[in-house]
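Please keep the sequence and the structure in view while reading.

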Amino acid sequence: MIRDILIHPDPRLKKPCEPVAVVTDELAQLAVDMLETMYDAPGIGLAAPQVGVMRRVIVMDCIKDGPPEPMVLLNPQVIWSSEDLSTYEEGCLSIPDQYAEVKRPAAVRVRWMDLNGEEQERGFEGLWATCVQHEIDHLDGKLFIDYLGPLKRQMITRKMEKLKRERARG
Ligand code: NI
């Protein structure tokens, strides 16, 4: 089931999320729905608070050409970051059509729990590294525009407020 994606500004996008203790049927369904919602958007990553669920769950697939590689990460944690930084022009499904350059560690190592409740660990680089850090930020109530200067952030926020007013009018 495709879920509605919250648009910034929304208080749920600013709050830290709760860890997942056990993988219930409801949580497995959330992961399936999040992947479906992400592919439909289309996007390369989605975090649970973006569909209004305040749990530490992210989904990703950064493959552009070739077979899909859907990933579901529960309680993801960056356990190592490279000193090397890289700059990507980031966007966000909760901030449609707005892009800005953000500098982040070029490579990270992440530990998480999978849908079988097993601990997993993997290194990410390139677009995957940017994406996983962007999505983990969502779980801490942080958006990519929080890395920008206040003027740019305010400008984007005003545009989103306008977009939400227009959508509410239908
Ligand atoms: Ni995002």
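Helix α2 (residues 126-139) lies across β1, β2, β3, β6 and β7, where contact means heavy atoms within 4.5 Å, and runs at about 155° to β2. Such angles, from 0 to 180 degrees, are taken between the N-to-C directions of lines fitted to C-alpha atoms, for helices over the stretch in contact. Helices (H or I, at least four residues) and strands (E, at least two) are DSSP runs, numbered from the N terminus. The model is predicted, so that local features need pLDDT of at least 70 and side-chain atom pairs count only at pLDDT 80 or more, while totals for chains, interfaces and linings use all residues. Residues are numbered from 1 along each chain as its sequence is written, and side-chain values use heavy atoms, with hydrogens and water left out.

**Helices**
- After α2 comes Gly-141, whose phi is positive, near 75°.
- Helix α1 (residues 25-40) lies across β1, β2 (57-60) and β3, and runs at about 40° to β2.

**Sheet**
- The open sheet has 5 strands in the order β1-β2-β3-β6-β7, with antiparallel pairing, two strands being paired if DSSP finds at least two bridges between them.
- Its edge strands, each pairing on one side only, are β1 (45-47) and β7 (119-125).
- Strand β3 (residues 71-81) is joined by 5 bridges to the antiparallel strand β6 (residues 107-113).
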